[in-house]
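This report describes a predicted model.

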Amino acid sequence: MDLIDILLSASFWTATIRIASPLIFATMGELICERAGVLNLGIEGIMVAGAFAGWMAVYSGTGLWTGVAIAMLVGMAFGLLHSLLTVPFGLSQHVVGLGLTLLATSLTYFSYRLALPQVTSPPKIEAFEVLPIPVLSDIPIIGPALFAQTPLTYLAFALVLAVSITLYRTPLGLALRAAGENPAAVAAQGLSVTALRMGAVIVGSGLMAVGGAFLTMSAFDSFFFEMVNGRGWICIALVVFGAWKPGKALMGAVLFAAFDALQIRIQQTPIGANIPYQVFLMMPYFLSIVALVAMSRRAEVPAALMVPFNKGER
Amino acid sequence: MNAADKNRRLSISRRSFMATTAGAAVLAGAATAPTRLLAASPIKVAGIYTVPVEQQWVSRIHKAAVTAQGRGDIEYTFSENVSNTDYPRVMREYAEQGYQMIVGEVFGAEQEAREVAADYPDIAFLMGSSFKEDAALSNFAVFDNYIQDASYLSGIIAGSMTKSANIGMVGGFPIPEVNRLMNAFMAGAQEMNPDIKFQVSFIGSWFDPPKAKETAFAMIEQGADLLYAERFGVSDAAKERGILAIGNVIDTQADYPDTVVASAIWHFEPTLDAAIANVKAGSFTAADYGVYSFMKEGGCSLAPLGTFEGKVPAKAMELVAKRQAEIQSGAFSVVINDEDPKSS
């Protein structure tokens, strides 16, 4: 199959959007945290916890959407822990974040074993099914790609819009962005930097968990330890790639997913037989780095990112 | 010695005391049945796995150990999800606790594991490994799932079931144990139909079902109508698109009754039982237990066709039966080829 054939096939774009969906949730979550001035390296662990919590909830008998809500709540609980340590206590965001990833993954595994002590393979749930939107899904190529997906994918795109509007069109968004740029100015306005930042981290962590839940409730129907497989770290890079802007970050997620969908397809062509498979697996990451270099030259890093704020301190 | 250490010692002696008492009770109870006498001295076996015991490969080891424990041959405990960097430490802990045999997989800690084994010459180590045994390290034996015989037979069935003569294969990493089964499967399929085209992909992870599923979808789009399901996620893609799959290591037909035609199954029991017998006889030594996974040792088999009974062409089943008999008698042996399989 030719490269052109692949790029013109609807299934390629459908796969791209499917692969991008969990990344979009988690990238938006990370973006909110960072815009408020907090780097959240707990993302990988929070995604694992979310993937487990949502799936386990559905397996225990709740509805799918309740499962998503439970995943989000679990993510928010980890977000609360992260924000407590990094915002009022002002601890190192790197150490807290990485620690949280370790804690969340281990705790998830512990809970998994407690819940399912003796299983031969993890049980399956009835996952979200593809819900084609009438008329729109009949458009060639982009129709199936954008409008014949699972409901969570539609939610991911709606989320980008919501984050974008909130950040740029509401007083809350302005205050949030200011907390990441110049917290002293926010405090001078009588607003609480602590509350803004903690809120951002809690909500952002909730979204990361939903990203994880996408894997177990939409992309697949069962939970496997390690199935998040580094997707969280990709999202950290995607935020930088998107220059801390929701629209660009969405583009980054889609681009990364497109590279991934492409490498999957090229690997099986006769060309793939002559090139080590590792080269293909590396491709999305490599091309993302190249794109990152090109895109981030004019990026505006939130000025107070990773700078703890203590009221009244200069 | 600190307090924690003391406690551990205490609890161990308590545990071994209990084991002895239990053993004595069994002895007393077994007085009327002399054949049960062996059960009085079960070997203490510890399993150390880098993944959860649900994982296909490890699940076979775990199952065999649980079976052996049920028979009373061993006393079994295990640690799962041990990272490769932590592996030597866990080995030492079990070694210090007086376990007589440690079974596990050292694909990611080959050198370190051998160093630990060298420090505990009286303990038998039976480890899944990509390398061979070393005569200088007499307490370290290796094994692997050499189930190419069964894979070959499942390939024959696959070759007869694909209508588009296009088979998709999704693997984790191209390591010897994966490659050899894929190559045997491909050889079997080609024996039925030399013109079969293979699509081979590796996803660079053991546990990423969404990715395995995506890869399988891509193969189906490119014409595959039968998938070799080496990873979780592949059979799901086959089921969703209404095509067939061949299982590997475990039998998953119960979960995919209309999808999984046949599976090449690994039985770890002959490997473990041989090691147990050798430990009991005091003759455990450096050896390659890989041969116990061969079909003639009962180490692998083709799963029953189950829901696909009668749906596989008779010509293929005749060839399967013929080859199986030849493998058992030694008249035919499946080539062991550890090279990376390629797309054609």
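In helix H2 of chain B, the buried residues are B:Gln56, B:Trp57, B:Val58, B:Ser59, B:Arg60, B:Ile61, B:His62, B:Ala64, B:Ala65 and B:Ala68. The elements that cover these buried residues of H2(B) include the strands E1 (43-48), E2 (74-79), E3 (101-105), E9 (244-249) and E10 (260-266), together with helix H9 (269-281), of chain B. Just after H2(B) comes B:Gly72, which takes a positive phi of about 90°.

| Helix | Residues | Number of residues | First to last C-alpha | Expected at 1.5 Å a residue |
|---|---|---|---|---|
| H10(B) | 314-329 | 16 residues | 22 Å | 22 Å |

In H10(B) the buried residues are B:Ala316, B:Val320, B:Arg323 and B:Ile327. Seen down the axis of H10(B), these buried residues fall within an arc of 75°, so they line one face of the helix. An α-helix has 3.6 residues a turn, so residues three or four places apart point the same way. The face of H10(B) that is turned away from the buried side carries the exposed residues B:Ala314, B:Lys315, B:Glu318, B:Ala321, B:Ala325, B:Glu326 and B:Ser329. Among the elements that cover the buried residues of H10(B) are helix H5 (148-161), helix H6 (176-192) and strand E11 (300-302) of chain B. H10(B) is followed by B:Gly330, whose phi is positive and near 90°.

Of the 344 residues in chain B, 49% are buried, and among the contacts of chain B with a separation of 6 or more, 65% are accounted for by residues 24 or more positions apart. The domain assignment of chain B gives domain 1 (39-143) and domain 2 (148-267 + 298-329), and the C-alpha centres of these two domains lie 30 Å apart. Six residues of domain 1 of chain B are in contact with six residues of domain 2 of chain B, and on the domain 1 side the residues divide into two nonpolar, three polar and one charged.

How many residues of chain B are in contact with chain A? There are 27 of them, and they are in contact with 27 residues of chain A. On the side of chain B that touches chain A, the elements that give two or more residues are strand E7 (197-202) and helix H7 (209-221) of chain B, and the largest share, nine residues, comes from H7(B). By residue class, this side of chain B divides into ten nonpolar, ten polar and seven charged residues.

The largest nonpolar core has 208 residues, and those with the most contacts inside it are A:Ala209, B:Leu227 and B:Ala275. The largest share of this core, 16 residues, comes from helix H10 (residues 193-219) of chain A, while at least three residues are drawn from each of domain 1 and domain 2 of chain B. Leaving aside its neighbours within four places in sequence, B:Ala275 is in contact with B:Met101, B:Ala124, B:Leu126, B:Ala141, B:Phe284 and B:Tyr289.

Some details of the loops remain to be described. Most residues other than glycine have a negative phi. A:Val135, although it is not a glycine, has a positive phi of about 65°, and it lies in the loop between helix H5 (93-115) and helix H6 (142-147) of chain A. A:Val135 is exposed, with 9 other C-beta atoms within 10 Å. Phi of A:Ala243 is also positive, near 50°, and this residue lies in the loop between helix H11 (231-241) and helix H12 (246-267) of chain A. With 17 C-beta neighbours inside 10 Å, A:Ala243 counts as partly exposed.

In chain B, B:Asp86 is found in the loop between E2 and helix H3 (87-96), and it is partly exposed, with 14 other C-beta atoms within 10 Å. B:Asp86 and B:Thr50 are 36 residues apart in sequence and, from C-alpha to C-alpha, 9.3 Å apart in space.

Note on methods:
Residues numbered from 1 in each chain as written. Chains lettered and ligands numbered in written order. Predicted model: local features only at pLDDT ≥ 70, side-chain atom pairs only at ≥ 80, totals over all residues. Buried ≥ 20, exposed ≤ 12 C-beta atoms within 10 Å, placed from the backbone. Contact = placed C-beta atoms within 7 Å. Helix = DSSP H or I, 4+ residues; strand = E, 2+ residues; numbered from the N terminus. Nonpolar A, V, L, I, M, F, W, Y, C, P; charged D, E, K, R; others polar. Expected span 1.5 Å × (residues − 1). Arc of directions from axis to C-beta. Domains from an automatic or database assignment. Core = buried A, V, L, I, M, F, W, Y, C linked by C-beta atoms within 7 Å.
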